[in-house]
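Good morning, and thank you for coming.

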Amino acid sequence: MATVFATTSLQLEPEKKKELIDALGETIQSMFKTYSLYYVPMPAENVSEGAKDQMTFFVFVPPYMEIDRRRQLIKILNDTMLRVVGYKGPLKVIVIFKYHDDEACGVDGVLRADAKAAAAAAAAEKK
């Protein structure tokens, strides 16, 4: 599972924004069975000059995600941005990975480590 926050100062018309969010969802889904994507627009007046027209992706995943898979995600996110919104200049598509292990992530009110332990115990009981 991945949680992706995409924050941007790109000023997009509603149709283009929907196209981008849909394309990013398809891109992320090609890498992860389950994911959450949050698209957070920033008004241009709230960013520095260097951050104008920039998209920064914060990708929250477990630390054991393979480096080749990280490289692939960086490439396809960049390619998706170029395809949908075009080239905006250097340093305009940034991807930052934030790692969490099973003891630093909870889903539906349960720590992931506990959920995995319960699933393993249930599987052991069935044998």
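The structure on the screen is a predicted model, and the count of aromatic pairs in it comes to 3. Let me begin with Phe5 and Tyr38, whose rings are stacked, with 4.7 Å from centre to centre and 15 degrees between the planes. This pair links distant parts of the chain, since Phe5 lies in strand E1 and Tyr38 in strand E2, 33 residues apart. Phe5 counts as partly exposed because its relative accessibility is 33%. Tyr38 has a relative accessibility of 41%, so it too counts as partly exposed.

Phe5 also pairs with Phe60, and here the arrangement is edge-to-face: the centres are 5.9 Å apart and the planes make an angle of 80 degrees. Again distant parts of the chain are linked, with Phe5 in strand E1 and Phe60 in strand E3, 55 residues apart. Phe60, at 28% relative accessibility, is partly exposed. Through such ring pairs, Phe5, Tyr38 and Phe60 are joined into a cluster.

Strand E2, where Tyr38 is placed, covers residues 35–41.

I turn now to the helices. Which residues of H1 are buried? They are Leu20, Ala23, Leu24, Gly25, Thr27 and Ile28. As a general point, an α-helix has 3.6 residues a turn, so residues three or four places apart point the same way. The cover over the buried residues of H1 includes strands E1 (2–8), E2 and E3 (55–61), as well as helix H2 (67–85).

Helix H2 is also where Arg71 is found. Arg71 has a relative accessible area of 48%, so it is classed as partly exposed. Between the C-alpha atoms of Arg71 and Met81, 10 residues apart along the chain, the separation is 16 Å.

Next, the loop between E2 and E3, in which Gln54 is placed. Is Gln54 buried or exposed? Gln54 counts as buried because its relative accessibility is 15%, and the cut-off for that class is under 20%. Setting aside neighbours within four places in sequence, Gln54 is in contact with Thr7, Thr8, Ser9 and Leu10, and also with Leu91, Lys92 and Ile94.

Asp53 lies in this loop between E2 and E3 as well. Its relative accessibility of 33% makes Asp53 partly exposed. Asp53 brings me to my last topic, the backbone. Most residues other than glycine have a negative phi. Asp53, however, has a positive phi, near 60 degrees.

Asp108 likewise has a positive phi, of about 55 degrees, although it is not a glycine. Asp108 is located in the loop between strand E5 (106–107) and strand E6 (110–111). With a relative accessibility of 76%, Asp108 counts as exposed.

Thank you for your attention.

Technical notes. Residues are numbered from 1 along each chain as its sequence is written. This is a predicted model: local features need pLDDT of at least 70, side-chain atom pairs count only at pLDDT 80 or more; totals for chains, interfaces and linings use all residues. Side-chain values use heavy atoms; hydrogens and water are left out. Helices (H or I, at least four residues) and strands (E, at least two) are DSSP runs, numbered from the N terminus. Buried means under 20% relative accessible area, exposed over 50%, partly exposed in between (1.4 Å probe, protein chains only). Contact means heavy atoms within 4.5 Å. Rings of Phe, Tyr and Trp (its six-membered ring) pair if their centres lie within 6.5 Å; planes under 30 degrees apart count as stacked, over 60 as edge-to-face and the rest as tilted.
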